[in-house]
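The following paragraphs lead through the surroundings of the ligands and then turn to a pocket.

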Amino acid sequence: MALLKVAFVLFVAAECVHGQSFHLGKCPTPSLQENFNVTKYMGTWYEIEKLPAMFERGKCIQAKYSLLSDGTVRIHNSELLPNGKINSIEGTAKVEDPAKPAVLSVSFFKGFPDASYMVLSTDYSSYSLVYSCSDYFDLFHVDFAWILSRTRELDGATVGQLREGLTAMGVDVGRLSVTNQTGCGEVAWA
Ligand SMILES: *[C@@H]1O[C@H](CO)[C@@H](O)[C@H](O)[C@H]1NC(C)=O
Ligand SMILES: *[C@@H]1O[C@H](CO)[C@@H](O)[C@H](O)[C@H]1NC(C)=O
C-alpha cells in the first residue's frame, strides 16, 4: 500500500513536471458552491477548459454522472482518441462530509488514493467550475481545474468569469488548455 502510494506520487510528479501543476506549500482552501445539490448536478457535462489532467489525451471530453440508490455517484468519462475510437473510464464519487456537500471524493482505481472534486461554482443548467488539489507530505501540492458546460460550447463571458474565479484563488489561468469540442457529433457516445 505504502509502495503504491509512493509510486503514485512519483507518477503524479512526473506528469506534473510536464503539466506544470506542481506547487510548493499546501492546497488553497477555495470557497465552494453554497447549498450544493448533487441531484441537480447529475447528467452530462462537457469539458471546455482544464488545467493539464493526466488521464485525458483525446478530444470531445465529457463526463456523465449518475446518482446510485446509496447516494454514490457513478462517473463515466469519455474522450475521442485521434484514431476515432472512444476511450472511457469509470469511477465513483461520494460526499464524505454532509456539512460540505460540494466536496466529493473521487476514485478511479482501487488501491490508489482518492482525489478531491470541489464544485466552486455551478448553476446546474449551463456551467460548472471544478477544482481538485492534493497535498503531498505537507511539502507540495498538485492541482487540477475544469470549466465544464452542459453543452459543447460555453459563452465567452461565462468562461471569463470562471477564469476570474480561479485567478482570485491564485491559480494561473495561463495554464488552462482549451478542449476541442468540434467534430464530436458523428460518434455514438455512451
Ligand atoms: C435537490 O434537487 C432535487 C432535484 O431538483 C430536488 O428534488 C431536491 O428537493 C433538492 N434538494 C434540496 C435539499 O434542495
Ligand atoms: C478540433 O477538431 C477538429 C475536428 O477534428 C479539427 O478540424 C480542428 O482543427 C481541431 N481544432 C484544434 C484547435 O485543434
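In this predicted model, a polar side-chain atom of Asn 37 lies 2.3 Å from an oxygen atom of ligand 1, a polar contact being a pair of N or O atoms within 3.5 Å. The residues around ligand 1, those with a heavy atom within 4 Å of it, are Asn 37, Thr 39 and Lys 40. On its own, ligand 1 has 360 Å² of accessible area, of which the protein covers 25%; such areas come from the Shrake-Rupley method with a 1.4 Å probe.

An oxygen atom of ligand 2 lies 2.4 Å from a polar side-chain atom of Asn 180. For the side chain of Lys 59, an N or O atom is 2.8 Å from an oxygen atom of ligand 2, and for that of Thr 182 the distance is 3.4 Å. The protein covers 27% of the 360 Å² of accessible area that ligand 2 has on its own.

The second largest pocket holds about 210 Å³ of space, a volume being the space filled by probe spheres set on grid points joined across faces, edges and corners. A pocket is an open set of points, on a 1 Å grid over the protein atoms alone, where a 1.4 Å probe fits, with protein on both sides within 12 Å along at least five of seven lines; lining residues have an atom within 4 Å of a point. Among the lining residues are Cys 27, Glu 96, Ser 116 and Cys 133.

Local features need pLDDT of at least 70 and side-chain atom pairs pLDDT 80 or more, whereas totals for chains, interfaces and linings use all residues; side-chain values use heavy atoms, without hydrogens and water. Residues are numbered from 1 along each chain as its sequence is written, with chains lettered from A and ligands numbered from 1 in the order in which they are written.

Terms used:
Polar contact = N/O pair within 3.5 Å; in protein donor to acceptor, adjacent residues only side chain to side chain.
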